[in-house]
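Thank you all for making the time this morning.

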Amino acid sequence: DVKPALPKGSAHADFESGAEHAIHQTKLFVAGLSQATEASDLLNAFSRFGKVRDARIMLDRHSSSSRGFGFVEFEDNSVVLRLLRELPVVECDGRQV
């Protein structure tokens, strides 16, 4: 599941309302990640769409295990807009995200 990573408090019930905010966003929220997925896997999965600035897996603060989601930040916001419009199939570490 790929969505724009919008600042907390932004009104975005769906893609249409979130699209206005996504125009300047370079970061995507990525859900459905495997517990074994590492940041390098996320980077490799999304680098085919454009230059990735950063890829992060969110970890549980107590157990340090993956929470099953992360963020991918691109150099160019047009990549984010294209991905949100086209919603291509992206496989990461054996899972479709």
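Two strands are taken to pair if DSSP finds at least two bridges between them, and the helices (H or I, at least four residues) and strands (E, at least two) are themselves DSSP runs, numbered from the N terminus. Before I use those terms, please keep in mind that this is a predicted model, in which local features need pLDDT of at least 70 and side-chain atom pairs count only at pLDDT 80 or more, while totals for chains, interfaces and linings use all residues. Residues are numbered from 1 along each chain as its sequence is written, and side-chain values use heavy atoms, with hydrogens and water left out.

Let me start with the sheet. It is an open sheet of 4 strands, in the order β1-β2-β4-β3, and the pairing is antiparallel. The edges are taken by β1 (2–4) and β3 (52–59), each of which has a single partner strand, so one side of each is left without a neighbour in the sheet. From one strand to the next the twist averages 25 degrees.

If we now go through the pairings in turn, β1 and β2 run antiparallel and are joined by 3 bridges, and within that pairing P4 has L28 of β2 as its bridge partner. On the way to the next strand, β2 and β4 are joined by 5 bridges, again antiparallel, and here L28 has V72 in β4 as its bridge partner. Finally, β3 and β4 pair in the antiparallel sense over 6 bridges, with I57 standing opposite G70 in β4.

What packs on this sheet? Helix α2 (residues 39–46) does, touching β1, β2, β3 and β4, where contact means heavy atoms within 4.5 Å. The direction of α2 makes about 140 degrees with that of β3; for such angles, axes are lines fitted to C-alpha atoms, for helices over the stretch in contact, and the angles run from 0 to 180 degrees between N-to-C directions. Helix α3 (residues 77–86) lies across β1, β2 and β4, and runs at about 40 degrees to β2.

As for accessibility, I call a residue buried under 20% relative accessible area, exposed over 50%, and partly exposed in between, using a 1.4 Å probe and protein chains only. On that scale β4 is mostly covered, with 7 of its 9 residues buried.

That brings me to the aromatic rings. Rings of Phe, Tyr and Trp (its six-membered ring) pair if their centres lie within 6.5 Å, and planes under 30 degrees apart count as stacked, over 60 as edge-to-face and the rest as tilted. By this rule the count comes to 4 aromatic pairs. In one of them, the rings of F29 and F69 have their centres 5.5 Å apart and their planes at 40 degrees, so the pair is tilted. This pair links distant parts of the chain, since F29 is in strand β2 (residues 27–31) and F69 is in strand β4 (residues 66–74), 40 residues apart. F29 is partly exposed at 21% relative accessible area, whereas F69 is buried at 18%.

F29 also pairs with F71, this time edge-to-face, at 5.8 Å centre to centre and with 65 degrees between the planes. F29, F69 and F71 form one aromatic cluster. The charged end of K27 sits over the ring of F71, 5.7 Å from its centre, the criterion being that NZ of Lys or CZ of Arg is within 6 Å of the ring centre and within 35 degrees of the ring normal.

Let me close with the loops. Between β2 and α2 we find T37, which is buried at 5% relative accessibility and which, not counting residues up to four places away in sequence, touches I57, C92 and D93. S34 lies in the loop between β2 and α2 as well, and S34 is buried at 13%; with neighbours within four places left aside, S34 is in contact with S66, D93 and R95.

Which backbone angles deserve a second look? Most residues other than glycine have a negative phi. D93, however, has a positive phi of about 55 degrees although it is not a glycine, and D93 lies in the loop between β5 (91–92) and β6 (95–96). S64, in the turn of the hairpin that β3 and β4 form with 6 residues between them, has a positive phi of about 60 degrees, and at 52% relative accessibility S64 counts as exposed.
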